Amino acid sequence: MTEPRSRSDRPASGAPQPQEADVLRKILRGPGYLKTLVLCALIGIPVSLAAFWFLVMLHELQHTLWDDLPSAAGWDTPPWWWPIPLLLIAGVGVGLVVKHLPGAGGHVPAAGMQTGGTSSAALPGVVLAALFSLPFGAVLGPEAPLIALGGGLALVFRDLAQLPATAPSTVLLGAAGAAAAISAIFGNPLIAAVLLIEVAGVGGPQLFAVMLPALLSSGIGSLVFTGLGRWTGLSTGDLTLDLSTPIPRLDVGDVLWALVIAVALALFLRPVLSGARLIAAYVAERPLVRTVHCALGAAVCAALYTLATGRSPAEVASSGQGTIGALAADPQAWGVGALIAVLLFKGVGYALCLGGLRGGPVFPALFLGAVAGVLLAPLPGLGLVPGMAAGMAAAAATMLRLPVSSVVLVVLLLGSTAMMPVVILAAVVAFVVTELLPAPPAVA
């Protein structure tokens, strides 16, 4: 009869098996992998430089079109009709790129964030489509073109160095180049790494099945520790920094309203994504003409917003990357009517641009979430900062379907971890609600 092993003889249930450690050690010691690491480090330099100047070019062109030219013509803000000619140019330019250049200017934004090295033949189309879309007022951000640009340049540099084009090196170099480029727009390498892990789908559905409970449990645990520390006056010695800026305390109302905001935004934004994918299928049949239709539709949304509110059409047109800062700095400058109008008109313009133009989905989603948070902030028991935090996390998780990246991105934007519990809860709830709703149409 075999004696049972003692507790000390049994392997820990959560410990990695020795075989896995041996495999990892063998990979790290392999000369090919070490050479790839060195190459990734070297490639990060030119890719980051290219991403920097690409973003500078986009910013300067947008500033010229939306600030300098109206000011030179004697207007403090662009007139209501201003988006129409600009987005007409955007529609024609993107339509021509999609129809005639290799790579169709990059993937359709309605398909979500994607990784993978872009071929050298497709890079000019990606850059041109982004230059036509983003500065001219498309309701999209620069992150998707940056991922394509960084991954594509990494593969170009590999070919110039005449290194072997193996499948593992293509994946690694493409991811490294994309991460180097994407960190330029978010200003932090952490979000680039987390974003690419989720976008690449490492681990597949099982990864999300494991991450969601862990993420939700960590948020609940943070709430419990916050409450116990406040009620007892005791400290566990957590690793935090004392910030000079006062951060509001989370209350029960903030947490409960965060759940409501998450569900509401998931229900509001899921039709935006479904509509965008239907629009993408519509555009694919006749890309040139129907891309122009989408661009003009977004322009009409911006024009109608200005006619209805008297505010700048740039608040509906463009990604919202600049406007979100103004909203956070002075939310009282926006009346309830303006907040509702920008939520509706920008939501429609967002769907049109996701389906017809080229760019990324991140910043418009964050802006719409922030607007919803400001709009709902006067509710009893809800503060402005928790409302914006929950709104941005819920909107990002709904549109990107990347809950961990959404949490990290919103926390980094806020510059503090004080709102992390509501950010986690809002992101997880919005993601789950989104996944339980009927699946949106697939993008071909």
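In the protein, 78% of the contacts between residues at least 6 apart in sequence join residues at least 24 apart. The model is predicted. Its secondary structure comprises 16 helices and zero strands. Of the 444 residues, 47% count as buried.

Helix α10 (residues 287-309) takes part in two of the helix pairs described here, one with α3 and one with α12. Helix α3 (residues 83-100) packs against α10 at an angle of about 155°, and the two axes are 8 Å apart. An angle over 145 degrees counts as roughly antiparallel, and α3 and α10 are therefore roughly antiparallel to each other. The crossing of α3 past α10 is right-handed. On the α3 side the contact is made by P83, I84, L87, L88, G91, V92, V94, G95, L96, V98 and K99. On the α10 side it is made by P287, L288, T291, V292, A295, L296, A298, A299 and A302. By class, the residues of the contact of α3 with α10 are 16 nonpolar, three polar and one charged.

The axes of α10 and α12 come within 8 Å and cross at roughly 170°. The helices α10 and α12 are therefore also roughly antiparallel to each other. From α10, the contact involves T291, C294, G297, A298, C301, L304, Y305 and T309. From α12, it involves A338, A341, V342, F345, V348, G349, L352, C353 and G356. Twelve nonpolar and five polar residues make up the contact of α10 with α12, with no charged residue. T291 and A298 of α10 are listed in the contact with α3 and also in the contact with α12.

Helix α12 (residues 336-356) itself has 21 residues. From its first C-alpha to its last, α12 reaches 30 Å, close to the 30 Å expected at 1.5 Å a residue. Because 15 of the 21 residues of α12 are buried, the helix is largely enclosed by the rest of the structure.

The crossing of α4 and α5 is left-handed, whereas α3 passes α10 in a right-handed crossing. L123, V126, V127 and A130 of α4 meet P145, A148, L149, G152, L153 and V156 of α5. The contact of α4 with α5 has nine nonpolar residues, one polar residue and no charged residues.

With a relative accessibility of 46%, P124 counts as partly exposed. The C-alpha atom of P124 is separated by 7.9 Å from that of G105, and the two residues are 19 residues apart along the chain. The loop between α3 and α4 contains A104. A104 has a positive phi of about 55° although it is not a glycine. Most residues other than glycine have a negative phi. At 24% relative accessibility, A104 counts as partly exposed.

Helix α14 (residues 384-400) has 17 residues and reaches 24 Å from its first C-alpha to its last, close to the 24 Å expected at 1.5 Å a residue. Of the 17 residues of α14, 15 are buried, and the helix is mostly covered.

The loop between α13 (362-376) and α14 holds L382. L382 counts as buried, at 8% relative accessibility. Apart from its neighbours within four places in sequence, L382 is in contact with D254, W257, I261, L376, A377 and G387. L382 and A258 are 124 residues apart in sequence, with 8.5 Å between their C-alpha atoms.

R401 is partly exposed, with a relative accessible area of 31%.

How values were computed: Residues numbered from 1 in each chain as written. Predicted model: local features only at pLDDT ≥ 70, side-chain atom pairs only at ≥ 80, totals over all residues. Heavy atoms only, no water. Helix = DSSP H or I, 4+ residues; strand = E, 2+ residues; numbered from the N terminus. Expected span 1.5 Å × (residues − 1). Buried < 20%, exposed > 50% of the residue type's maximum accessible area, 1.4 Å probe, protein only. Axes fitted to C-alpha atoms, helices over the stretch in contact; angles between N-to-C directions. Parallel < 35°, antiparallel > 145°, perpendicular 65-115°, else oblique. Left-handed = near helix turned anticlockwise from the far one by under 90°. Contact = heavy atoms within 4.5 Å. Nonpolar A, V, L, I, M, F, W, Y, C, P; charged D, E, K, R; others polar.
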